[in-house]
Amino acid sequence: MSKERVAQLEYSEFQSAMLDEAKRRRKAAKIIAVLEHFQGPLTGLTVGDVGCSAGFIADELAAAGAGHTLGVDIDVPGLRKAADRFGGRVAFVCGDGTALPFPDGSLDVLVFNHIYEHVVDPDAVVAEMHRVLSDRGVLYLGLGNRLGIMEPHYKLPFLSYLPPAAADRYVRAFGRADHYYERFRTRRGLRRMLRAFHVWDYTIPVLASPERFAGSELFPGALGRVARTVLARTPRAALQVLLPLVPTYLWVATKTPRRPAGAALPQPPQPL
């Protein structure tokens with residue numbers, strides 16, 4: 001029998017990646033670049049990071065000019081570390097994503113980066129983000145794909161393909177964990193989760209133009225330059241065929257119809 005899923009209250013205590021400051025700040029740079037391409041600078045906006053943990057991404061959002069920056073999590077040890085370091089310019093709140101402590105329509109920007117697979121009820125969290133986001137607000141989403149070949153947390157191929165009981169046996173067999181907690185969805189399942197939103201897909205634009213989205217580490221060296229050139233020049237229809245297996249999707253969602261405001265790209269973002 002698979003272990004019942006309960007909230008991960010101290011995630012940063014057993015997932016060291018949450019405390020990798022350099023990596024988290026690189027992720028923040030990519031998030032900010034995508035948001036600014038879609039809607040312009042964050043200057044003066046009220047921005048929330050849902051699942052902020054130790055606060056590195058929230059700190060970068062504040063540094064990018066946000067008027068008010070809020071970090072929300074149930075990870076108390078992570079929040080303590082965040083408040084100690086960044087509490088001067090970020091307000092950190094211990095709160096459940098299924099009951100965000102903000103009024104309706106009060107936030108201009110929300111970030112939900114690689115969080116949904118860790119929460120017990122991601123649909124409820126998405127509904128709450130829809131509630132607190134303003135009508136002209138923007139939601140950034142980093143979303144792991146169930147059909148990505150290599151599972152990102154335990155580095156075991158095809159782990160996320162398996163039913164829970166088999167996945168538990170798999171991680172135990174390789175000594176990675178007692179059970180497999182995360183629950184990923186396919187691209188189709190993620191789109192259903194976000195059915196109340198208008199969504200633009202930035203996955204291919206970021207891969208094809210990493211230098212424009214602070215993602216140059218995605219394709220380092222000479223081989224990387226070749227990969228970037230191929231992605232930039234490959235017909236979009238051919239790239240679309242590969243999307244169901246891409247390990248991570250980068251999406252931007254809004255409550256009302258909007259279009260990206262940024263400059264033209266070799267592979268432009270597409271509406272879903």
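No disulfides turn up here, a disulfide being a pair of cysteine sulfur atoms within 2.5 Å. C52 has no such partner, and its nearest cysteine sulfur, on C94, sits 9.5 Å away. C94 is likewise in no disulfide, with the sulfur of C52 as its nearest. How accessible are the two residues, then? C52 is buried, at a relative accessible area of 2%, while C94 is exposed, at 52%. These words follow set cut-offs: buried is under 20% relative accessible area, exposed is over 50%, and partly exposed is in between, using a 1.4 Å probe and protein chains only.

A word on the model itself: it is predicted, so local features need pLDDT of at least 70 and side-chain atom pairs count only at pLDDT 80 or more, while totals for chains, interfaces and linings use all residues. Residues are numbered from 1 along each chain as its sequence is written, and side-chain values use heavy atoms, with hydrogens and water left out.

Next come the strands. Helices (H or I, at least four residues) and strands (E, at least two) are DSSP runs, numbered from the N terminus, and two strands pair if DSSP finds at least two bridges between them. Strand 6 (residues 198-201) runs antiparallel to strand 7 (residues 248-254), and four bridges join them.

What about the inside? In soluble globular proteins, nonpolar side chains tend to be buried together. A nonpolar core is a set of buried Ala, Val, Leu, Ile, Met, Phe, Trp, Tyr and Cys residues joined through side-chain atoms within 4.5 Å. The largest one has 40 residues, and F112, M129, L139, L143 and L194 have the most contacts inside it. Among the elements giving two or more residues to this core are strand 2 (68-73), strand 4 (107-113), helix 5 and strand 5 (133-144). Leaving out residues up to four places away in sequence, F112 touches V50, V125, M129, L139, Y140, L141 and G142, where contact means heavy atoms within 4.5 Å. Another core lies apart from the largest one. That other core has 23 residues, including I31, L42, V47 and Y202.

Finally, there is A127, which belongs to helix 5 (residues 122-132). A127 is partly exposed, with a relative accessible area of 46%.
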